[in-house]
Structures are given as structure tokens and as C-alpha cells.
Amino acid sequence: MSLNRHLTRGRDLARTAGDHAADMFAPLTLIARGLRRHTDWARSRWQATPKERRGPTLLLTVAGLIGVVLLPHGPLFAVVALVASAAWSGRERKPAPAPEPDPADVKLPALYAALTPYLAAPDDVCPLYRPDGRYQDAFAGWSFDAEGRLAALEMGYPAYFTDTEPAARARIEQVVQAKAGRAREYRFDWDLECSRLQITALAPLPGNVPAQTWVTTPGEIVLGFTDPQATQRMIPVSHDGGSGHQPPVIWRTGARSGEPHLLALGSTGSGTSTLLRTIALQALSHGDVLVIDGAGTGEHACLVNRPGVHTVETSLRGALAALDWAARETERRLAALNAARYHGEPAPADATRPLWLLLDHPTELSELAQAEGHPDPQGLLELPLRQGRAARVTVVVVDAIEAVDRISPTVRAAARARVVLGGHGAQDLRLALGVPLDLVPATHTPPGRGYARIGSQPPVRLQVPATVDPLDEEAPARLRDAVIALLPHRDTRIEAAAPPLPQHQPQAAPAAEPAAGATAPRVELRKAGLGNPR
């Protein structure tokens with residue numbers, strides 16, 4: 001047997017013997033540890049006893065020991081009690097758990113240090129922010145939520161800080177969001193007179209609220225839901241199998257509306273098509289709808305062959321013909337309304353029934369029209385945009401925020417109701433909404449999350465209801481069933497075609513004679529048929 005194997009076997013035997021010895025002498029070790037602790041305790045008590053009291057204390061102790069010795073079986077009971085006490089005192093005590101650190105002492109010093117380079121000046125005699133300072137000197141109040149995240153903070157800043165400059169305020173807001181968490185939205189209330197800043201973390205808006213019938217009056221469109229502080233109105237909402245009330249974002253349309261048209265911008269997957277379906281389902285309750293799907297993705301195919309839907313166009317020729325009919329229909333309505341007022345008669349029903357023009361990504365059709373030498377479809381919106389309020393015609397334009405420069409000036413000027421969906425920078429939000437936000441948006445936003453500004457009102461947060469495409473098999477079944485229940489009739493794939501519209505509905509006017517060598521566009525104002533030719 002080699003020497004190495006001898007050493008390995010010997011080490012194993014020694015380890016085994018040590019383990020057995022430790023198990024055998026463990027009670028003695030426990031008692032010895034307890035006796036040592038008793039001795040230390042007695043020594044500390046003796047040292048703490050004043051000198052003038054040590055004599056009487058020693059006399060009483062000796063008298064007690066003599067009394068124990070004189071008792072029957074007293075020494076045995078004393079030894080048993082001493083051993084039991086030593087065993088109890090010598091046991092291994094679990095260390096007390098360390099107290100949880102105060103979130104303020106962990107997070108606020110880091111925030112204070114991050115703000116110091118922006119709010120400190122070298123020539124300040126009594127600086128509020130300095131490298132060796134304490135956060136209690138600058139922060140007046142704070143609170144944290146149950147998860148230990150910053151919920152509210154009130155801080156002061158020097159009077160010489162340029163709080164009137166948007167760029168300087170944006171730097172401070174960016175630092176606060178980076179240290180407090182980018183996954184949430186924060187509201188910044190700047191008190192310029194007192195040099196105070198109030199920071200509040202906003203709670204997330206309710207998501208996945210299914211499409212349903214909202215309690216509104218004709219002409220009111222629920223764009224989504226917002227914070228309770230942004231509106232005084234609440235409407236009943238069914239969500240997650242229960243019912244409750246949520247604060248809505250209401251867009252009022254009609255002849256007395258101050259903002260009769262809407263422009264919604266967003267990025268891919270932000271929920272702009274969902275917003276358009278939400279508006280279409282509510283508009284069909286009291287009016288007629290004409291849809292132009294410039295993206296050609298088929299997101300609005302569920303509206304084909306529905307009562308009240310004139311057409312759903314995806315091709316350039318069909319869109320030009322439909323928008324040309326909409327312009328002539330606007331003129332006809334104006335003439336009918338003016339004639340009724342002149343003769344003192346009630347306005348005809350076909351001139352007062354609301355007509356909605358819903359355009360999804362019209363800039364793509366504009367580029368295609370420019371390439372093929374056709375008129376710009378956005379140019380045909382000029383009359384409905386200018387005279388739409390009087391003619392009961394409402395225009396809703398949805399497009400990508402990157403294409404905002406390609407949207408016609410007429411659309412941007414007339415559509416004073418604005419919606420922005422998705423996560424975007426402060427500059428893009430200001431360009432889309434017209435005013436800077438007093439919020440710092442989160443880094444990642446769910447579909448349908450954004451901001452809305454109706455006219456000259458301040459912007460508010462917005463969560464669009466989950467109005468999914470019922471033809472999308474990947475969408476949850478409960479959300480698809482909710483949308484199908486709101487359509488004028490059930491799915492046309494399994495039912496008969498829709499009945500014809502009443503006689504007062506405006507019919508398509510014949511197309512103008514095409515020029516020589518040109519192909520006449522088809523006016524596809526269909527009343528039946530599921531197909532949607534491109």
C-alpha cells in the first residue's frame with residue numbers, strides 16, 4: 001500500500017474519531033460553556049457591587065450555601081440545579097436577525113449625492129447640497145411604498161438654480177427617475193416661488209379593461225381611463241369578473257364640440273389601431289363609419305359588412321374614391337342643413353346622423369399616391385375638417401409618431417384633440433401634444449398606454465381599453481368575445497349578410513369621368529360581403 005493511501009486512510013480515521021469524540025463530549029462541552037457564562041455573570045455582578053455592600057452580600061451568600069448543605073438532599077438538588085442551569089445557559093443561541101435598514105437611509109443618500117453636482121455651486125457660503133452633506137438638510141419629507149420604493153419626496157433646491165429653464169428641470173427629473181426607478185411614472189410639481197419640488201410616483205393605470213358599453217350620452221367617446229385626480233367623473237366598469245368605477249377620458253364630439261376632430265400618434269405596437277376600434281364601436285351606436293386602412297394590415301376587417309359601416313378601404317384607389325364621396329357628402333349635408341334653416345323646417349335625418357371618417361396611417365397612402373401621381377388623400381380631408389362640425393362629420397386620424405412631419409398642416413391644425421400612445425421622449429411628446437408634460441414617462445409602457453390632451457386642457461394619462469381584433473386568434477378569447485358582442489351584429493363568417501341600410505342613408509355618388517388613358521377608380525361603398533379587396 002502506498003504512502004499516499006496510508007495518509008488518506010489515516011486522515012479519514014482521525015476525522016471519524018474526532019466526530020465521535022465531539023458527539024460524546026458534547027454534553028460536557030455544553031455544561032462547561034454554561035458554567036463559564038455563570039462565572040462571567042457572577043464576576044460582573046461582583047465588580048458592579050459597591051465595596052460597602054460586598055461584605056453583607058458575601059455573608060448572605062455563605063449563609064445560603066450553609067442552609068442548602070443542611071437540608072436533606074440539599075447538595076444533590078443544588079448540583080442538579082446548577083448543571084441544568086449551566087446546560088440551559090450554555091446552549092447555542094441563534095443570533096438575533098439584523099433589523100431591516102431604513103429605505104430612506106439606503107436610497108435617499110444616493111439620490112442626494114446624484115443631485116449634488118447639479119444643485120451645488122463652489123461659491124455658495126451655505127450650500128444646501130455638498131459632497132459631505134446629509135440628505136435631511138435638503139429633503140423635507142418622503143415616503144416609501146410597501147415594496148420599499150420611493151412614493152413621494154419633497155425637496156428644496158438653491159434659489160440660484162435655473163428652474164425656469166426646461167433643460168435644467170429635465171436634468172433633475174432624469175436624475176430622480178434614474179435613482180427612484182425607471183419602471184414608473186413621476187409627477188414633478190415645481191414651486192418656483194419657494195424653490196421647492198414635489199415628486200410623486202404615480203400608480204399604474206388599470207390594464208386589460210375589456211371593451212364594453214360605456215355609460216355616456218350620444219356624442220361622448222370614452223378614449224380610455226386616467227387618474228382619479230384628473231377628472232371628477234366616474235363611470236361603471238366591469239373588469240376581472242367584478243364591477244367598479246373608473247375615471248374616464250371623455251372626448252365630446254358633435255355640433256357643440258370645441259374639438260370635433262382627433263389626431264392620435266404612436267409607435268408600432270403601442271395600440272393606435274386598438275384606439276381606432278374603440279372609437280368605431282362607440283360611433284356605430286349613433287352614427288355611420290367610413291374606415292381607411294392605410295397600413296393595409298387588416299386590423300379593421302372585423303368592421304366589414306356591419307350595419308352603419310359604409311366601407312373599409314385598404315387600396316389607394318378605394319381610399320381616394322371614399323374620401324371624395326365623403327367630401328361631397330359634407331357639401332350635401334351643409335346644403336341640406338342650410339335649406340332646412342332657411343325654410344324653418346326640421347333638418348333631415350340623413351344630414352344630422354353623425355358620420356365618422358376613421359383613417360389609419362394615411363401617410364402611407366400619401367406616399368403611394370405621390371409615387372403613382374395621384375392626388376394626396378389627405379387633401380380630400382380639408383372640407384370635412386373645416387366644415388365637419390357643422391355637417392356632423394368627425395375625422396379621426398391615427399398615424400405613426402415618426403410620420404408627424406408627413407401629416408398635412410390642415411390635419412394638424414384642425415385635429416385639436418390629441419392622443420399619444422407608447423413610450424417616447426419628452427421632445428416627441430411635446431411636439432405631439434403641443435405643451436410640455438409635467439410627467440416623466442416610464443421606460444417601458446404596456447400597449448394602449450399614453451397621454452391625451454383635449455383642446456387647451458392639460459395633458460392627462462390614458463389607458464385605452466383592450467379592444468382587440470376579434471379575428472386575431474392569438475388574442476384572449478374573453479377580449480375577442482367582448483368586442484364581438486359590441487359589433488352591430490355577430491360574426492359574418494357564420495351568419496347571413498347584414499340587412500340593407502334604411503333609405504335615408506347617403507349612397508355613393510357616381511365617379512367622375514376619368515381622363516383619357518386613365519383608369520376610373522371604383523367607389524367601394526359596400527353594404528354586404530366579407531371580402532376586402534386591396
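The points that follow begin with the chain as a whole and then turn to its aromatic side chains.

1. The model is a predicted one, and its protein chain comprises 14 helices and 17 strands. Of the 534 residues, 41% count as buried, while the chain exposes about 29000 Å², of which carbon and sulfur atoms supply 57%.

2. Among contacts in the protein chain with a separation of 6 or more, 67% come from residues 24 or more positions apart.

3. Nine aromatic pairs are found when the whole structure is searched. In one of them, the ring centres of Tyr 112 and Tyr 129 are 5.2 Å apart and the planes meet at 20 degrees, so this pair is stacked. Because Tyr 112 belongs to helix H5 (residues 103-119) and Tyr 129 to the loop between H5 and strand E1 (139-144), the pair ties together parts 17 residues apart in sequence. Tyr 112 and Tyr 129 are both buried.

4. An edge-to-face arrangement is seen for Trp 214 and Phe 225, with 5.4 Å from centre to centre and 75 degrees between the planes. Trp 214 sits in the loop between strand E4 (196-202) and strand E5 (220-225), whereas Phe 225 is in strand E5, so that the pair links distant parts of the chain, eleven residues apart. Both Trp 214 and Phe 225 are buried.

5. Tyr 112 and Tyr 129 also belong to one aromatic cluster, together with Tyr 135, Phe 139 and Trp 142.

6. A charged group also lies over a ring: Arg 449 is placed over the face of Tyr 451, at 5.9 Å from the ring centre, against a cut-off that requires CZ of Arg to be within 6 Å.

Terms used. Residues are numbered from 1 along each chain as its sequence is written. This is a predicted model: local features need pLDDT of at least 70, side-chain atom pairs count only at pLDDT 80 or more; totals for chains, interfaces and linings use all residues. Side-chain values use heavy atoms; hydrogens and water are left out. Rings of Phe, Tyr and Trp (its six-membered ring) pair if their centres lie within 6.5 Å; planes under 30 degrees apart count as stacked, over 60 as edge-to-face and the rest as tilted. Helices (H or I, at least four residues) and strands (E, at least two) are DSSP runs, numbered from the N terminus. Buried means under 20% relative accessible area, exposed over 50%, partly exposed in between (1.4 Å probe, protein chains only). A charge sits over a ring if NZ of Lys or CZ of Arg is within 6 Å of the ring centre and within 35 degrees of the ring normal. Contact means heavy atoms within 4.5 Å. Accessible areas come from the Shrake-Rupley method with a 1.4 Å probe; for residues, only the protein chains shown count as cover.
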